[in-house]
Amino acid sequence: MYKLRTIDVWDTLLRRKCHPEAVKFATAHRIFLRFHADLSANFITPSSIYERRNVIEAQMARRAENASHDGEYQLTDVLRVLLCDVLNTTPKEEEVLHVAEGELSFEMAMTFPDPDIQEFIKKYPAERTLYLSDFYMGSEMLDRLLAYHGLDKIVPEGLVSCDFMLNKRTGRLFSYVHKLYGVKPHQHVHIGDNPYADVETPRRLGVEAVSYVPKEAHAARGLRESLFVSREALFFELHSSSQQLAKEAVDSFEKHEAAAFQIGVQAAPLFIGFALFIAEQALIEAPDQMFFFTREGEFFYRVYNTLFADNKHAGCRLPPSSILAVSRQATFAASLGEVDIGELQRVWSLNTQQKVSTLFSILDIEPTMFVPLLERLRLRLNELVVNPQEDDRILALFKNEEFLAKARSKASSKREELTAYLYQCGVRAGQKLGFVDIGWRGTIQDNIARVLPGNDTVGYYLALRRFLNEQPRNVRKLAFGPDERYTTDMQFFETFEPLELICNSANGSVSGYQKQDNHVIPVREVNDRENMVIESFTRHFQDGVIAAASVQRPLIASHSVCSAELLKPALRVWRELASRPPSQLLKAYYDAPQHDLFGFGGFFDRGKAPSLGMLFSALFLPGQRQLVIQYVRRTQWSAALDGLKISMVNRWVLVAVFWLAHQYKRLKARSR
């Protein structure tokens with residue numbers, strides 16, 4: 001029996017799920033997110049912060065070598081200098097320690113005990129066992145790390161190179177141990193994986209050195225570490241894991257379910273990237289609460305919770321989050337400061353054509369109360385009014401005191417209901433609120449911001465169109481994908497229908513709120529035909545995305561993947577879905593009714609395309625022309641025309657009409 005047995009820590013007692021450098025990169029990522037507002041202009045990416053750390057460590061190692069300290073340095077010393085270099089402010093000591101604790105937490109999450117070491121060391125019994133490690137974390141931290149994994153039962157204590165400025169590579173740490181514990185080299189057995197520091201050096205000193213390099217574990221280590229060296233290899237591995245998942249789906253589902261699931265798996269980068277963007281911006285913007293808007297937000301929340309099940313990202317705690325049952329319809333009337341043409345212009349700027357019945361609906365006014373007034377003004381409920389703000393009859397309607405009184409009363413009650421619902425959901429005065437929605441101009445956020453003028457709001461969107469209305473002062477909006485304010489690439493803005501379809505929820509649209517027993521209950525309108533599509537396609541698509549997110553989560557976390565890295569593959573997914581939609585998506589698109597609440601009103605059947613005769617007669621007849629224009633306005637998805645059950649000639653003409661419409665739309669956008 002030996003008097004002393006020492007065991008190396010890394011790749012002997014503990015193994016990592018990632019490359020050792022990935023731990024440092026994760027710390028750089030955490031600094032980027034936590035101190036984002038204070039970063040120097042030269043250090044505005046995790047990579048630049050990580051590279052600076054490497055420079056600092058090399059400088060410290062050289063200075064330590066020159067001082068006969070074996071090139072050793074302490075983690076906290078490195079982080080102190082790093083924060084001083086990358087921040088515009090002087091870091092507090094507690095901030096340095098916080099970052100160090102974050103790195104230790106990451107090590108805890110990314111390590112696991114070697115499965116065979118306990119059995120292996122039985123071959124080398126000793127009176128005393130210690131760990132012996134060349135590392136930049138001191139023994140206080142390593143003790144906690146080993147105890148976290150239950151290894152303190154094997155090695156209750158040990159020595160780390162940075163605590164003594166001596167290491168195993170030079171042999172000086174071994175000599176120090178012999179002196180400290182009063183043992184001769186031949187009475188000491190050391191077990192480790194490094195051929196030089198753990199085997200050759202101690203043997204030269206007379207220590208019994210045992211190499212521990214299990215073949216299977218060593219091969220797995222090499223594979224894991226290769227993913228850090230090459231980002232290309234990492235993303236290939238992420239893609240491969242999803243591909244395998246998609247293949248397995250064929251045997252697990254019915255044919256149509258498997259097809260939808262596979263499409264979801266392939267589309268996952270778009271939604272995983274968006275979820276990462278939300279988490280990153282939530283840490284940067286630091287809202288007090290996060291709310292995911294119904295309906296699409298219900299799906300986004302599933303993806304978000306799959307990736308951040310412990311409500312942490314990059315080791316930083318995320319704001320509390322939940323689903324908020326809202327819609328344009330449920331929030332618009334409540335947001336009216338005054339019932340007048342100017343306020344309604346917020347709707348008409350987005351919907352230049354509106355039915356009279358739709359106008360009454362969004363104000364929640366029963367139109368039968370005003371039949372005599374409408375008859376006097378020669379307004380029919382089913383009449384489609386073009387540019388309502390310029391129509392003399394609409395202008396007269398908004399001068400009628402009885403109508404205004406009713407509209408004001410409704411707006412007041414709507415505001416009271418919405419305010420009570422928001423309070424019930426935890427919203428308090430003065431809080432900064434984060435909102436998540438699919439896009440496209442953020443009008444629900446605008447409405448809520450008007451109801452809560454004392455709360456700053458920040459919205460996180462998949463994409464954003466250019467704003468047509470004046471933005472409330474307490475509104476800020478950010479997009480993961482295309483943002484029309486900053487891009488001239490209009491291909492992503494031709495249609496949003498397919499994205500809304502695949503992100504939809506079976507829980508229905510929120511039409512308003514009701515008070516029941518001191519509670520406010522969101523009122524949802526569920527459409528059975530729409531839910532048939534969700535059940536047959538959308539649900540399985542979303543399950544595919546969630547499954548892919550679950551499979552990819554460990555690698556995304558261990559390698560600190562950023563949303564910016566997923567932007568290109570995300571936009572590629574969007575482009576593919578829009579330009580070459582799968583047949584299953586087209587079928588779902590035409591089977592699902594479109595609900596146009598603020599414009600034409602009611603549900604619209606996209607499968608009923610204008611016939612060839614209607615298209616040609618539209619050249620001469622204004623009524624037919626208006627019907628064609630309405631169809632183009634309400635669909636806009638050129639690539640989806642292949643899914644229509646019409647003749648080839650009919651399709652060709654319709655494609656030409658859509659092309660002209662998009663050219664006009666782009667020309668109009670450039671002229672703004």
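Reader: Which residues is His 149 in contact with, leaving aside its neighbours within four places in sequence?
Author: In this predicted model, those residues are Leu 14, Met 108, Thr 111, Phe 112 and Pro 113.

Reader: What joins the side chains of His 149 and Thr 111?
Author: A polar contact of 2.8 Å joins those two side chains.

Reader: And where does His 149 lie?
Author: His 149 is in the loop that runs between helix H6 (139-148) and strand S5 (158-160).

Reader: Is His 149 buried or exposed?
Author: Buried: the relative accessible area of His 149 is 17%, and the cut-off for buried is under 20%.

Reader: New topic. How many cavities of 30 Å³ or more does a search of the whole structure find?
Author: The search finds six of them. The largest cavity holds about 90 Å³ of space.

Reader: Which elements give two or more residues to the lining of the largest cavity?
Author: Helix H14 (328-332), helix H15 (341-348) and helix H20 (443-451) do. H20 gives the most, with four residues.

Reader: How do the residues of that lining divide?
Author: Three are nonpolar, three polar and four charged. Among the lining residues are Arg 328, Phe 332, Asp 446 and Asn 469.

Reader: What volume has the second largest cavity?
Author: About 50 Å³. The residues lining the second largest cavity are Trp 10, Asp 11, Arg 16, Cys 18, Pro 20, Arg 221, Arg 224 and Glu 225.

Reader: Where does the largest share of that lining come from?
Author: Helix H10 (residues 215-229) supplies that share, three residues. The lining of the second largest cavity has three nonpolar residues, no polar ones and five charged ones.

Technical notes
Residues numbered from 1 in each chain as written. Predicted model: local features only at pLDDT ≥ 70, side-chain atom pairs only at ≥ 80, totals over all residues. Heavy atoms only, no water. Buried < 20%, exposed > 50% of the residue type's maximum accessible area, 1.4 Å probe, protein only. Polar contact = N/O pair within 3.5 Å; in protein donor to acceptor, adjacent residues only side chain to side chain. Contact = heavy atoms within 4.5 Å. 1 Å grid on protein atoms, 1.4 Å probe; cavity = no way out; pocket = protein on both sides within 12 Å on 5 of 7 lines; lining within 4 Å. Points joined across faces, edges and corners; volume = space filled by probe spheres on them. Nonpolar A, V, L, I, M, F, W, Y, C, P; charged D, E, K, R; others polar.
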